[in-house]
Every structure is written in structure tokens, then in C-alpha cells.
Amino acid sequence: MFYLLGSVASMFWVDAELGSDIYLDGIISVVDAKHGLQHLKEEKPTGLINEAARQVALADLIIINKVDLISEAELMKLRTAVCAINGVANILETQRSRVDLSNVLDLHAFEGVSGKSLQQKLQLEKEPHPHLDKSIVTSTFEVLGSATEEDLNVFIQNLLWEKNVKDKKGNPMEVIRLKGLVSIKDKSHQVIVQGVYELYDLEETTVKWKEDERINRLVLIGRNLDNDILKDLFIATVTKREENS
């Protein structure tokens, strides 16, 4: 089920005919308030990702259901664990699965129209927050300036396809979800980058850049992510050529 979420999302980027008939509005994951923390704490054999954490990591919206069955202190612990995995997704708390449909429909999480709201969500945190298994984190960084689309593709493909980027301990970084706003040379509008596992997409938004405010702001969710290494790699890959030209 957890791999299926990513596979379904990716289909909309590789199947143009499918994308012309329907569109991906967003990924919603439901967390059981009573047992959610227990599942997130479950240890897996070395090399495997906790499936519950994977589902939370993929989500654009996370619904914590049955909150009436736990105390406020327990709910706070669960929210903290969920936010540590996915610091970008919105969180709803519900009882008996009762949700206002306006909160779960028309998310437009994968569309350019979400440029303004995504920019508000991509607030940088000083340090990536480790998940309970200490390997899954939400990593964020920003770099001033603009990038060529070619160099940006090289950076993303090294992460998602080649998987040759490693942390300080030599562990390969594994990206489950990627979101960001980037500034592309010769494009006047902000560009959204979205990635799910090995597939990603770039889409120009309706929001124009102010020339003195161009910035690249990325949020990555996955295993063994290192903020400093990722930022340094982005600068070396995406901005170095501009400095040398």
C-alpha cells in the first residue's frame, strides 16, 4: 500500500493520456490516534523503512482520526512525531472520520496554482528533525539566486536516480518526497518542483518573481538526509557554473 501511493502519484507524470482525463489533487494519509504512535515507533530490520512513517512522509494532508480516544498529552506526542517526519503537510484532527469536504478536496498540491500557499509552507527550520528511528527526516534549505533548468535537473537526478549522494557516515540519501520553489533563469514566474521517489516534475506557477527576491527553497523528506551536504551540493551543481561564467 505504501509503495502504491508513490506509484499512483508518479503515473500522472509519465502517462500524458491519464493526466489529460483526471488530475492528482493531493495525497492524504490517515493516522489512527490510538495506535499511531505505536506504529511509528515500530522498529524494522536494518535497511527497511517503517511503513507507517513512509505513508506519513508521502502525504500532503494528514488526518489524525479518533482523537477523542486519547488525552491531550498523547495527541501532542503524536503530532510531534508526525511533524518530525513531514513538516510540510497540513494536519487535521477528527473524530469518527468526520471531515469537512472543503478541507480534503481541491488541494491542488501538485499544481502551479499552489505557488503562493506552497511558499508559505516552505518555512525553513534550523535543523532537520529526526523521526523516531533517527533516519527519516524533513530537510530544508534555501539558496539565493537563479538556476538553469539543466543544472537543476542534474542536482535532482543525482539524488533521485543515481542515488550517489551520501551522508557523513557514507549512507546513501534516499528521498521519499521532494517539494520546492525554484527560480529558473529566463523565467519570470516561480517554478514548483515536486518529486515522489524516482520521478519528479517542474511546473511554472502564476506567481511572478520580484527580481531582487529570487530564491531556491527546497524541502526533502527521506532517509539519511544531511542539510549541509545537500545545500553544498546544490550550490556546487546549480550555482557554480553561473559564478564561473
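## The parallel sheet

In this predicted model, 5 bridges join strand β1 to strand β2 (residues 61-65), and the two run parallel. Helices (H or I, at least four residues) and strands (E, at least two) are DSSP runs, numbered from the N terminus. Two strands count as paired if DSSP finds at least two bridges between them. Asp32 stands opposite Asn65 in β2.

The open sheet is formed by 3 strands in the order β1-β2-β3, with parallel pairing. β1 (28-32) and β3 (90-93) are at the edges and have a single partner strand each, so one side of each is left without a neighbour in the sheet. From one strand to the next, the twist averages 20 degrees. Helix α5 (residues 72-85) packs on the sheet and touches β1, β2 and β3, where contact means heavy atoms within 4.5 Å. The direction of α5 makes about 155 degrees with that of β3. Axes are lines fitted to C-alpha atoms, for helices over the stretch in contact, and angles run from 0 to 180 degrees between N-to-C directions.

## Aromatic pairs

The structure holds 4 aromatic pairs. Rings of Phe, Tyr and Trp (its six-membered ring) pair if their centres lie within 6.5 Å; planes under 30 degrees apart count as stacked, over 60 as edge-to-face and the rest as tilted.

One of these pairs is Phe155 with Phe234, edge-to-face at 5.1 Å centre to centre and with 80 degrees between the planes. Phe155 belongs to helix α7 (residues 149-162) and Phe234 to helix α8 (residues 227-244), so the pair ties together parts that are 79 residues apart in sequence. Phe155 is buried, at 1% relative accessible area, and Phe234 is buried at 0%. Here buried means under 20% relative accessible area, exposed over 50%, and partly exposed in between (1.4 Å probe, protein chains only). Phe141, Phe155 and Phe234 form one aromatic cluster.

Trp161 and Tyr200 make a tilted pair, 6.2 Å centre to centre with 50 degrees between the planes. This pair links distant parts of the chain, with Trp161 in helix α7 and Tyr200 in strand β8 (residues 199-208), 39 residues apart. Trp161 is partly exposed at 45% relative accessibility, whereas Tyr200 is buried at 15%.

## Basis of the values

Residues are numbered from 1 along each chain as its sequence is written, and side-chain values use heavy atoms, leaving out hydrogens and water. Because the model is predicted, local features need pLDDT of at least 70 and side-chain atom pairs count only at pLDDT 80 or more, while totals for chains, interfaces and linings use all residues.
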